[in-house]
Amino acid sequence: MNRFLPDHFTQLLIGTVLLATLFPATGSFEHFMHLASNAAISLLFFLHGAKLSREAALSGLKQPRLHLLTLGSTFILFPLLGLALKSVVPDLLTPQLWMGVLFVCTLSSTVQSSIGFTSIARGNVPAAICGATASNLLGIVITPLLVTLLLHRHHEANGLSQVLSILLQLLLPFVLGNLMRRWIGEWINRHKVIVNVVDRGGILLSVYAAFSVAVAQGVWHLFPPGQLALLVLVNAVLLGAVLLITTFGARALKMPRGDEIVLVFCGSKKSLASGIPIASVLFAGSGAAVVLLPIMLFHQMQLMLCAVLARRYAAQLEGVEAAEAADAAEVAAAGKAGAPLATSR
């Protein structure tokens, strides 16, 4: 029965969502959780910077095809699928919810969870860092342009502050960690469990902080359960289609396993952290909470589903490594058994 149950990390995610729903962070505690989530994300990048050699980090820049495919999935494939769904079943959701779904399609990829799940799945982490960070930086410009194109809305975004925020929270800790690698890199490589704890802990903190904001805004009371169920269905179709296209597309292109993982996880994510501030500017005074509802749901769905996929990728690799180790042991045992016979002859 265990194979039909969610893994431990997915159970933690579900528990975190329930905790935020029943006991959301409010007031000063909400501010504290926001700071703690940001600190966990910065620590994640610091540890990855200290763990990775500069050669490995720079190697991620040498894969333009992978990064173009990831950006194409994020900013081209998603909007096309969103428009296709809306044209096929326009009356399935209210116009406001369809606006929110299309807004989801315009967002950049996540950073912390994309890298975290890539790490859990034992994929190409340097490429994930480069691809996810580039997606966020480009999204500052591309997302408002796509919103204007798809939703016919004018925008006025403070791009400089967004860029500085990303640089301070993500790239600066990574660079500092890489600079300190000579002193702490070997210790971190010997204690990989620390990086794994930070990966998962940062995601859990982000889920709790984000869901607390949604509950505090009362966003779940704006629509009847039937509309919410249909919204979940639309999100599921959208996410499932992108995951299938990126997975089988990577295999059709014969991409290495590590690069496939990057394309699947970085190309299928949408950033709630970037979505909230952008929506507050683009949709100020016109129902920002309604627009945020689809990304709130999509964010939780992508974390839960990708947690299962990441563990499956890791289990597959562990199975291959175990089989190779068994074969090597068998060959070694056969060699030892045959050695006396060769001597006696």
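This report describes the helices, a surface patch, a pocket and some individual residues of a predicted model.

## Basis of the model

The model is predicted; local features need pLDDT of at least 70, side-chain atom pairs count only at pLDDT 80 or more, and totals for chains, interfaces and linings use all residues. Residues are numbered from 1 along each chain as its sequence is written, and side-chain values use heavy atoms, with hydrogens and water left out.

## Overall architecture

The protein chain contains 14 helices and zero strands. Helices (H or I, at least four residues) and strands (E, at least two) are DSSP runs, numbered from the N terminus. Of the 345 residues in the chain, 47% count as buried. Here buried means under 20% relative accessible area, exposed means over 50%, and partly exposed lies in between (1.4 Å probe, protein chains only).

## Nonpolar surface patch

Leu168, Leu172, Val175, Leu176, Leu179, Met180 and Trp183 make a nonpolar surface patch of about 700 Å². Patches are made of residues with over 30% relative accessible area and no salt bridge; like charges are joined within 9 Å, and nonpolar side chains (Val, Leu, Ile, Met, Phe, Trp, Tyr) within 5 Å. A salt bridge is a side-chain nitrogen of Lys or Arg within 4 Å of a carboxyl oxygen of Asp or Glu. The areas come from the Shrake-Rupley method with a 1.4 Å probe, and for residues only the protein chains shown count as cover.

Helix α8 (residues 159-179) gives the most to this patch, with five residues. Leu176 lies in helix α8 and is partly exposed, with a relative accessible area of 41%. An α-helix has 3.6 residues a turn, so residues three or four places apart point the same way.

## Second largest pocket

The second largest pocket has a volume of about 340 Å³. Of its 16 lining residues, Lys51, Ser119, Ile120, Arg122 and Asn196 are the closest to its centre. The elements that give two or more residues to the lining are α2 (27-51), α6 (112-120), α7 (125-151), α10 (192-216) and α14 (288-344). Among these, α10 gives the most, with four residues. By class, the lining has six nonpolar, four polar and six charged residues.

On a 1 Å grid over the protein atoms alone, a pocket is an open set of points where a 1.4 Å probe fits, with protein on both sides within 12 Å along at least five of seven lines; lining residues have an atom within 4 Å of a point. Grid points are joined across faces, edges and corners, and a volume is the space filled by probe spheres set on the points. Ala, Val, Leu, Ile, Met, Phe, Trp, Tyr, Cys and Pro count as nonpolar, Asp, Glu, Lys and Arg as charged, and the others, Gly among them, as polar.

The buried residues of α6 include Ser119 and Ile120.

Arg122 is placed in the loop between α6 and α7 and, at 35% relative accessibility, counts as partly exposed. Arg122 has a positive phi of about 65° although it is not a glycine. Most residues other than glycine have a negative phi.

Thr246 is in helix α11 (residues 225-252) and counts as buried at 4% relative accessibility. Thr246 and Gly267 are 21 residues apart in sequence and 7.3 Å apart in space, C-alpha to C-alpha.

Lys254 is found in the loop between α11 and α12 (257-268). Phi of Lys254 is near 55°, a positive value in a residue other than glycine. At 73% relative accessibility, Lys254 counts as exposed.
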